[in-house]
Amino acid sequence: MAQFYSPKRRVTTRQNSPVLTLTVDNLDPFGQGVAHHNGKAIFVPGVLPGEQAEVQLTEEKNKFAKGRLKRLLSRSPQRVEPRCPHFGVCGGCQQQHADESLQQQSKAAALVRMIARETGVTPQQEPVIAGPQYGYRRRARLGLLWQPKQQRLAMGFRQAASSDLVPVTRCPVLHPELEQLLTPLRSCLSALQVARRLGHVELVLADNGPVLVLRHLDALKEDDRQALQAFARTKNVTIYLAPDSDSLEKLCGETPYYQVDGLRLDFSPRDFIQVNDHVNQQMVAQALEWLSIQPNDRVLDLFCGMGNFTLPLARRAAAVVGIEGVATLVANGQYNAHKNRLNNASFFHENLEEDVEQQPWAAQGFDKVMLDPARAGAAGVMSHIVKLAPERVVYVSCNPTTLARDSKVLLSAGYRLARVRMLDMFPHTGHLESMALFINGSAPEVAAK
């Protein structure tokens with residue numbers, strides 16, 4: 001997610017500030033309109049490029065200010081009606097008022113600007129990797145709160161810029177199989193004897209059906225267990241119980257799995273999997289194409305998780321080595337490699353923020369490198385990638401700031417930034433995901449499709 005200012009910094013709140021008439025000329029990745037007044041950028045939620053509005057300043061610093069929309073004076077043709085009745089209150093989405101093309105164009109332009117500013121290289125804008133704009137989320141975590149005055153259980157998401165819970169009855173970005181569970185699930189949980197002592201509920205859509213993880217603060221009585229099992233039978237849901245942050249008990253149902261590149265990956269509902277299946281399928285296919293795997297290649301997959309890229313790579317390469325810092329993900333990667341009869345895939349449980357030179361995998365040689373780090377990026381391992389001198393590096397990023405930072409290490413070592421594509425992994429939100437291809441020296445580029 002790109003950030004152009006930090007809301008945590010100390011700001012000056014303008015009391016009784018004047019109302020300004022502004023014309024927004026840009027949209028930041030968070031869906032805020034960006035206007036300019038007296039040489040200062042002013043961020044205004046709810047206003048789109050080309051729209052004129054009356055805006056009251058709410059916060060002001062030396063280089064930017066924030067404003068509140070008082071009245072819209074003109075309307076952009078790219079303004080659309082949000083589908084969600086909770087939009088503007090729930091903090092999950094920020095851009096449902098902007099059409100698909102504007103959202104993607106704004107994020108893609110922000111990605112190119114950031115990389116160009118930090119590296120001096122201006123990537124060519126390529127088509128965005130995207131899927132459906134609604135019904136795309138296969139995972140969500142909803143808060144649960146007993147309301148003593150109303151004597152009822154509230155279930156929902158957090159309010160924007162607040163810890164307050166927004167009860168939701170609909171969520172159009174959720175996959176329909178999960179969205180249709182919202183109302184009956186709240187009714188089921190409200191009727192439990194332990195309803196006052198529930199923490200949250202996680203919904204995950206596996207390829208073999210919905211999965212529910214219930215965090216409960218008190219032990220469940222037998223009646224509650226039976227009620228949950230009855231709900232599971234009626235709705236064809238697998239249910240796990242989580243009495244604490246470390247424990248997980250399967251109450252009923254099947255082990256969840258998802259498929260990618262024709263492979264089946266079993267997972268625990270607490271394992272990380274990509275939220276957007278449509279984009280994930282395309283992302284993996286693009287990485288495979290860019291890496292141009294040959295039968296004799298040895299491939300290194302850093303921050304590999306449970307093998308989302310590792311196992312598809314193993315179908316094509318001589319050998320693939322995956323490195324991951326979470327032990328359970330490593331175990332699941334090993335299990336899925338065995339289940340898919342991929343004997344050329346091996347996994348190491350290592351912390352890539354520590355001295356990687358001392359780790360057992362580091363002495364091996366590799367022809368290609370794949371990496372998909374968290375928001376903090378891959379600063380601890382970039383110099384070792386250079387030392388390995390692979391022909392190609394594909395970097396999948398959820399933070400363009402750290403992608404730009406890490407890119408400079410490869411560029412200074414003689415790699416060229418051959419391709420960059422934005423991934424619309426989280427439509428209607430401020431998340432900016434991308435992937436980049438780096439090619440060593442004079443190796444040929446992959447032709448654009």
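**Aromatic pairs, cysteines and buried loop residues**

Two aromatic pairs are found in a search of the whole structure, which is a predicted model. One of them joins Phe 43 and Phe 64, whose ring centres are 6.1 Å apart. The planes of these two rings meet at 75 degrees. This angle is over 60 degrees, the cut-off for edge-to-face, so the pair of Phe 43 and Phe 64 is edge-to-face. Phe 43 belongs to strand E5 (residues 40–45), and Phe 64 belongs to strand E7 (residues 64–72). The pair therefore ties together parts that are 21 residues apart in sequence. Phe 43 has a relative accessible area of 7% and is buried. Phe 64 is also buried, at 11% relative accessibility.

Rings also take part in arrangements with charged side chains. The charged end of Arg 138 sits over the ring of Tyr 258. Its distance from the centre of that ring is 4.8 Å. Likewise, the charged end of Arg 264 sits over the ring of Tyr 257. Here the distance to the ring centre is 3.9 Å.

The protein chain is divided into three parts: domain 1 (19–79), domain 2 (105–132 + 274–440) and domain 3 (139–257). Between the C-alpha centres of domain 1 and domain 3 the distance is 39 Å.

The cysteines were examined next. A disulfide is a covalent bond between the sulfur atoms of two cysteines. Zero disulfides are found in a search of the whole structure. Cys 93 is in no disulfide, and its nearest cysteine sulfur belongs to Cys 171, 6.5 Å away. A disulfide needs the two sulfur atoms within 2.5 Å. For Cys 398, the nearest cysteine sulfur is that of Cys 304, at 16 Å, and Cys 398 is in no disulfide either. Cys 93 counts as buried, with 15% relative accessibility. Cys 398 counts as buried too, at 16%. Buried means under 20% relative accessible area, so the values of both Cys 93 and Cys 398 qualify.

Two buried residues share one loop. Asp 424 is found between strand E22 (415–423) and strand E23 (433–440). His 428 lies in the loop between E22 and E23 as well. The relative accessible area of Asp 424 is 2%, so Asp 424 is buried. His 428 is buried at 3% relative accessibility. The side chain of Asp 424 makes a polar contact of 3.2 Å with the side chain of Gln 133. Leaving aside neighbours within four places in sequence, Asp 424 also touches other residues, among them Gln 104, Lys 107, Asn 276 and Val 279. Its contacts include Val 128, Ile 129 and Ala 130 as well. Gln 133 is in contact with His 428 too. Beyond four places in sequence, the contacts of His 428 include Cys 93, Tyr 134 and Val 173. Several glutamines are also on the list, including Gln 94, Gln 95, Gln 96 and Gln 103.

At 42% relative accessibility, His 278 counts as partly exposed. His 278 and Pro 132 are 146 residues apart along the chain, yet their C-alpha atoms are separated by 7.7 Å. Not counting residues up to four places away in sequence, His 278 touches Gly 131 and Pro 132.

How values were computed. Residues are numbered from 1 along each chain as its sequence is written. This is a predicted model: local features need pLDDT of at least 70, side-chain atom pairs count only at pLDDT 80 or more; totals for chains, interfaces and linings use all residues. Side-chain values use heavy atoms; hydrogens and water are left out. Domain bounds come from an automatic or database domain assignment. Buried means under 20% relative accessible area, exposed over 50%, partly exposed in between (1.4 Å probe, protein chains only). Helices (H or I, at least four residues) and strands (E, at least two) are DSSP runs, numbered from the N terminus. A polar contact is a pair of N or O atoms within 3.5 Å; within protein, one must be able to donate a hydrogen and the other to accept it, and residues adjacent in sequence count only if both atoms are side-chain atoms. Contact means heavy atoms within 4.5 Å. Rings of Phe, Tyr and Trp (its six-membered ring) pair if their centres lie within 6.5 Å; planes under 30 degrees apart count as stacked, over 60 as edge-to-face and the rest as tilted. A charge sits over a ring if NZ of Lys or CZ of Arg is within 6 Å of the ring centre and within 35 degrees of the ring normal.
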